[in-house]
Structures are given as structure tokens and as C-alpha cells.
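Subject: A structure to look at

Hi,

Here is the structure I promised to pass on to you. Please open it next to this email, and then read on for what was found in it.

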Amino acid sequence: EAGKLYNVLPSGNRAPDNKGGAGYDQTRADFDFDRGSNAAATRINSSGLIEKYRENLALSSNDISTQSTFWGSNQSGVTTQNSAVAPDGTTTASTITSPGTQYGGISQAIAMSASRYTYSVYLKAVSGTPLVSLIFTDTFGVHKKDFTLNTSWQRYDFTFTLATGNNSIYITSAQAVSWNAWGAQFELGLVATDVLTSGATTAKAGVLIDLPRINYDANGENGALLLEPSRQQLIQFSEYFGDSYWTKNNVSVTDNAITSPEGVDNACLLIENTATSTHEITKSFTNTLNADYCISIFAKANTRDSIRLSSSDGGFVYFNLVTGEKGTETNATGTIEPFNNGWYKCSVVFEALGTNGSASIRIAESDGVTSYTGQNKSIYIFGIQYEAGSYSTSYIPNHSGTGGVTRA
């Protein structure tokens with residue numbers, strides 16, 4: 001029936017027996033799953049956290065040497081394979097030696113789209129305190145971050161928005177020095193996630209293709225099969241609010257400021273200035289006339305406790321991030337759902353009265369009041385979504401500056 005999928009229980013054994021499952025016929029109880037793009041689907045896992053698809057695009061992640069098929073010498077850099085004890089206790093870390101020329105070290109070519117990526121790797125000095133650079137290259141040139149190493153392992157990371165083109169990652173130094181490297185990871189997103197060990201193919205984890213999404217509540221309980229229609233996430237940077245993609249009116253943002261509903265430090269701090277005005281971030285869209293749309297976002301109180309979600313069609317709803325209640329509701333229908341650690345998912349459904357649409361997240365002084373003299377107070381936000389539909393669906397992450405992402 002609408003919104004539900006039923007399966008007939010098989011006759012015979014309906015559960016594994018106590019002899020290792022002998023005689024258990026599970027084939028007649030299976031579904032076949034086909035869900036297009038990996039990266040578009042999420043769920044709430046048994047820890048009550050948003051779980052995404054994750055992929056380490058860097059190959060041979062624990063063998064960072066020219067003896068590997070996938071890494072090459074850069075500017076006469078020299079590598080020695082399996083020459084040091086890695087952070088996991090195995091002798092799989094490599095030694096990289098730069099001849100002292102600019103960008104001397106090692107590199108790998110990776111096919112990338114125009115998106116926000118994080119590059120991370122474990123590094124330590126062989127001796128001294130060498131200056132080592134992590135580098136991305138794209139059609140706009142070289143983007144790098146320098147790190148001063150010591151003789152203890154540390155995971156270093158670098159985040160950047162890449163353009164398309166001939167993309168590569170590098171670990172280099174302009175000094176004539178040596179250092180150890182292990183656990184290279186290159187992934188979509190604003191932060192380095194748990195290590196994914198790759199070989200000749202990329203390493204994948206999380207919500208994988210053709211696996212059922214068992215969705216839990218915010219307490220990690222009451223798991224159920226999550227079945228949803230296809231939806232498109234129209235926001236291009238759904239977590240990176242610092243990008244120029246977002247119009248900022250009398251606010252500033254600090255990305256990666258606090259732990260998000262995903263369980264990693266990739267939530268944004270949205271800070272009002274001292275202007276007597278509204279304090280918001282916005283993005284414009286082209287809507288279909290008379291169609292329903294939904295704006296949703298995860299929000300958490302800090303020194304302010306209220307927000308207003310609104311569209312350019314005059315629809316808006318106020319939400320209190322301490323009490324978990326809706327406030328004033330005009331030309332729209334709002335929903336607020338509690339999440340873990342003080343987070344709430346706030347959503348607003350409205351009808352497009354014109355083709356020029358927008359999504360706005362406004363800090364509110366109190367219910368019904370959004371134009372006021374700011375005091376540098378703030379809220380936390382994460383994971384905004386703008387989708388065509390009469391209700392909010394599960395979060396679809398998008399780190400790209402080139403268009404929407406569709407969950408099949």
C-alpha cells in the first residue's frame with residue numbers, strides 16, 4: 001500500500017536454528033535492492049548518527065611508495081617500501097626522501113569532480129622537524145598546506161574545493177629531508193573520517209549500494225527499513241556554508257566548529273554581527289510554479305536559541321532550539337524533530353507561488369522577531385536540504401558546486 005512494502009514470510013523455518021542456521025531458507029524472504037548513486041543515500045545508524053556513503057579515492061593507501069603501482073616519484077623523490085612501523089603496529093609505512101627541490105616527493109593522479117574534498121595522511125619525521133606539504137592540483141593550479149613534522153605519528157589533513165581537470169595529490173618537501181608516510185585518504189567532505197584502507201581499488205564503507213537502509217531513531221533504537229521516493233537535493237554545498245555559494249547578510253560562519261549529527265566535527269557556527277537588521281544566509285533557486293517544496297536543516301542552540309526557516313514566497317516558520325517547539329507559522333507547514341546531543345531537524349513545506357525561489361536560515365532573537373540589533377550571538381547548523389516534495393526525506397549530502405544530487 002502507499003508508503004509501505006510488504007513481504008510474505010516464507011513457510012518452514014522463519015529464523016535460524018541453534019545449530020548454525022542449518023535448514024534456514026532465507027532466500028524466499030529476501031528483497032533485491034537497486035539504489036543508483038552511492039553517495040546520495042544516508043540513514044540513521046544504530047548509534048543514532050547520520051551515516052553516509054564513504055569512499056577513499058586514493059589507491060594503495062598504506063603503501064605510499066614508488067614500488068606501488070599507483071604512486072610515482074615527483075621531482076626525483078625517493079621512497080623505501082615497508083621501512084617503518086605504521087600507526088596500526090604493522091611494518092607497512094614507507095620512507096619518503098626529497099632531494100631538496102621544490103615539490104620533491106611522491107604523487108598520485110586521481111579522477112575528481114568539482115567538489116569539496118579532504119586529503120589526509122599519517123606522517124612523522126625520520127629525524128629533526130622537516131616541513132612537508134600536502135598538495136592538490138587542478139586546472140586552477142597548485143593548492144597546498146605546509147606542516148612541520150615531529151618524530152611521532154600524527155594525522156594531517158587539508159580541505160579544498162577543487163575544479164575539474166588533471167587532478168593529483170602530492171606529499172612533498174622543498175627541503176633535503178626524509179619522513180615516514182602511511183594511510184593516505186582522499187574523500188568527499190569537510191573533514192577526515194575514519195581510516196579506509198584501499199589497495200588496487202578504492203575503499204568503501206557506510207551506506208553502500210544495493211544494501212538495505214535500516215534506519216533507526218535518534219536513540220539508535222527501533223530500526224526499520226527506510227524506503228523513500230527519488231528526491232533531488234538542490235543545494236550544491238549542503239555543509240560548507242563558508243563557500244561564496246551562500247549569500248551572507250550580517251552574519252559570519254565558522255565551518256567545522258562542533259560535532260554534527262554525523263558524529264564528526266563538520267557542523268557550522270553561524271554568528272550574527274552587531275547590525276540592526278536581519279542576520280541570515282540565503283540561496284536562490286528556480287522553482288516550478290505551484291509545486292510543493294521542502295527546506296530542512298539540522299540546527300542547535302548556542303548563545304541564540306531560535307531560528308526562522310523561510311522561502312521567497314512568504315512562507316516561514318520559527319523554531320525554538322531549546323524547547324523543541326514551533327513558533328509563528330505563516331504560509332508554510334513546519335516540523336521539528338529532536339536529534340541527539342541537542343540537535344533538531346527543522347523543516348518547512350511551502351507552495352511555490354512564483355518561479356524565483358530561495359532558502360533562508362535566519363537567526364531569530366525570539367519568536368516572530370528577526371530584525372534586531374545583533375550582539376555577536378550564534379547558533380549551530382548542519383546539513384541543509386532543498387527538495388521538491390510535500391515532506392522532508394532523509395538527508396542527501398552534496399559537496400559539489402556544479403548541480404544537484406539525486407537519490408534514486
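Let's start at isoleucine 381. Not counting residues up to four places away in sequence, isoleucine 381 touches Phe241, Ala267, Cys268, Leu270, Ile281, Ile297, Phe298, Ala299, Trp343 and Ile361; contact here means heavy atoms within 4.5 Å.

Two notes before we go on. This is a predicted model, in which local features need pLDDT of at least 70 and side-chain atom pairs count only at pLDDT 80 or more, while totals for chains, interfaces and linings use all residues. Residues are numbered from 1 along each chain as its sequence is written, and side-chain values use heavy atoms, with hydrogens and water left out.

**The whole chain**

How many helices and strands are there in the chain? The chain has zero helices and 32 strands, where helices (H or I, at least four residues) and strands (E, at least two) are DSSP runs numbered from the N terminus. Along the principal axes, the C-alpha atoms fill a box of roughly 70 × 65 × 35 Å. Of the 408 residues, 50% count as buried (buried is under 20% relative accessible area, exposed is over 50%, and partly exposed lies in between, with a 1.4 Å probe and protein chains only). If you take the contacts between residues at least 6 apart in sequence, 70% of them join residues at least 24 apart.

**The cores**

A nonpolar core is a set of buried Ala, Val, Leu, Ile, Met, Phe, Trp, Tyr and Cys residues joined through side-chain atoms within 4.5 Å. The largest one has 37 residues, and the members that touch the most others are Trp246, Ile307 and Ile381. Two or more residues of this core come from each of strand S20 (267-272), strand S22 (280-286), S23, strand S24 (306-311), strand S25 (316-320), S28, S29 and S31. S23 gives the most, with five residues. Apart from this core lies another, of 28 residues, among them Leu57, Val132, Val177 and Phe186.

**Aromatic rings**

The structure holds 21 aromatic pairs. Rings of Phe, Tyr and Trp (its six-membered ring) pair if their centres lie within 6.5 Å; planes under 30 degrees apart are stacked, over 60 edge-to-face, and the rest tilted. Tyrosine 293 and phenylalanine 350 have ring centres 6.2 Å apart and planes at 25°, so this pair is stacked. Tyrosine 293 is buried at 4% relative accessibility, and phenylalanine 350 is buried at 3%. Tyrosine 293 also pairs with tyrosine 386: their centres are 5.6 Å apart and their planes at 35°, so that pair is tilted. Tyrosine 386 lies in strand S31 (residues 378-388), so its pair with tyrosine 293 of S23 ties together parts 93 residues apart in sequence.

Elsewhere, Tyr117, Tyr119, Phe136, Phe158, Phe160 and Phe186 form one aromatic cluster. There are charges over rings too, meaning that NZ of Lys or CZ of Arg is within 6 Å of the ring centre and within 35 degrees of the ring normal. The charged end of arginine 116 sits over tyrosine 240, 3.8 Å from the ring centre, and lysine 124 lies over the face of tryptophan 153, 5.7 Å from the ring centre.

**A serine and a glycine**

Serine 120 is in strand S8 (residues 116-125) and is buried at 0% relative accessibility. Its side chain makes a polar contact of 3.2 Å with the side chain of arginine 155; such a contact is a pair of N or O atoms within 3.5 Å, where within protein one must be able to donate a hydrogen and the other to accept it, and residues adjacent in sequence count only if both atoms are side-chain atoms.

Glycine 368 sits in the loop between strand S29 (356-364) and strand S30 (372-373) and is partly exposed at 45%. Beyond its neighbours within four places in sequence, glycine 368 is in contact with Tyr318 and Thr328.

**Cysteines**

How many disulfides are there, counting pairs of cysteine sulfur atoms within 2.5 Å? The count is zero. For cysteine 268, the nearest cysteine sulfur is that of cysteine 346, 15 Å away. The sulfur of cysteine 294 is closest to that of cysteine 346 as well, but at 11 Å, too far for a bond. Cysteine 268 is buried at 0%, and cysteine 294 is buried at 0%.

Enjoy exploring!

Notes: Disulfide = S-S within 2.5 Å.
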